[in-house]
Amino acid sequence: MTKIQIIFRELLKLAKAPNLSTAARFPNYLAFGKPLGYHDLRGTRLLLDRISKHCIKRKKPDVTFLLRNKRTGLPSVIKGADIRGRPATASELHYLRTETQKLVEKYFSGGKHPY
């Protein structure tokens, strides 16, 4: 399996896992990456971008929205824009909330998201 396939598979497992708390289902990048052998996921930005584009192209919920920046509590990329170092715009937050709700409805109905 390639790195991108492994990360995508693990994101889908996280999305589909039953009985997880919101905090466990929406981990920060380090908490997600460490068990996969990554000390951080900064080096995997391109892989996560490809996963996001794959989801959008196939009209599936963007599973990369499960991962959050530890400092901001938000994904580092929303609508293709890197928001590290700046606050997310109202438009980006609206998009994030709308798309994450689709993720909730598809994979863990009745669950909550932190955004």
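Seven salt bridges are found in this structure, where a salt bridge means a side-chain nitrogen of Lys or Arg within 4 Å of a carboxyl oxygen of Asp or Glu. The model is a predicted one, in which local features need pLDDT of at least 70 and side-chain atom pairs count only at pLDDT 80 or more, while totals for chains, interfaces and linings use all residues. Residues are numbered from 1 along each chain as its sequence is written, and side-chain values use heavy atoms, with hydrogens and water left out.

Let us begin with Asp49 and Arg45, whose side chains meet at 3.1 Å, N to O. Both residues lie in helix α4, four residues apart, which is about one turn of the helix; helices (H or I, at least four residues) and strands (E, at least two) are DSSP runs, numbered from the N terminus. In general, an α-helix has 3.6 residues a turn, so residues three or four places apart point the same way. Asp49 counts as buried at 19% relative accessibility, whereas Arg45, at 27%, counts as partly exposed. Here buried means under 20% relative accessible area, exposed over 50%, and partly exposed in between (1.4 Å probe, protein chains only).

Two further salt bridges are worth a visit. Asp82 and Arg84 meet at 2.5 Å, N to O, and Asp82 is partly exposed with a relative accessible area of 28%. Arg86 pairs with Glu92, their closest N and O atoms being 2.8 Å apart; Arg86 is partly exposed at 33%, but Glu92 is buried at 8%. Through shared partners, salt bridges join Arg45, Asp49, Asp82 and Arg84 into one network.

Now look at α4 itself. This helix has 13 residues and reaches 18 Å from its first C-alpha to its last, close to the 18 Å expected at 1.5 Å a residue (the expected span being 1.5 Å times one less than the number of residues). Its buried residues include Leu47, Leu48 and Ile51, and among the elements covering the buried residues are α1, α3 and β1, with contact taken as heavy atoms within 4.5 Å. Just after α4, Lys59 takes a positive phi of about 55°.

Glu92 leads us on to α5, as one of the buried residues of that helix, along with others including Leu93, Leu96 and Tyr107.

Finally, the aromatic rings. There are three aromatic pairs, with rings of Phe, Tyr and Trp (its six-membered ring) pairing if their centres lie within 6.5 Å; planes under 30 degrees apart count as stacked, over 60 as edge-to-face and the rest as tilted. The ring centres of Phe26 and Tyr115 are 5.7 Å apart with planes at 85°, so this pair is edge-to-face. Phe26 lies in the loop between α2 (22–25) and α3 (29–33) and Tyr115 in the segment after α5 (90–107), so the pair ties together parts 89 residues apart in sequence. Phe65 and Tyr95 are also edge-to-face, at 6.2 Å centre to centre and 90° between the planes. Ring pairs link Phe26, Phe108 and Tyr115 into a cluster.
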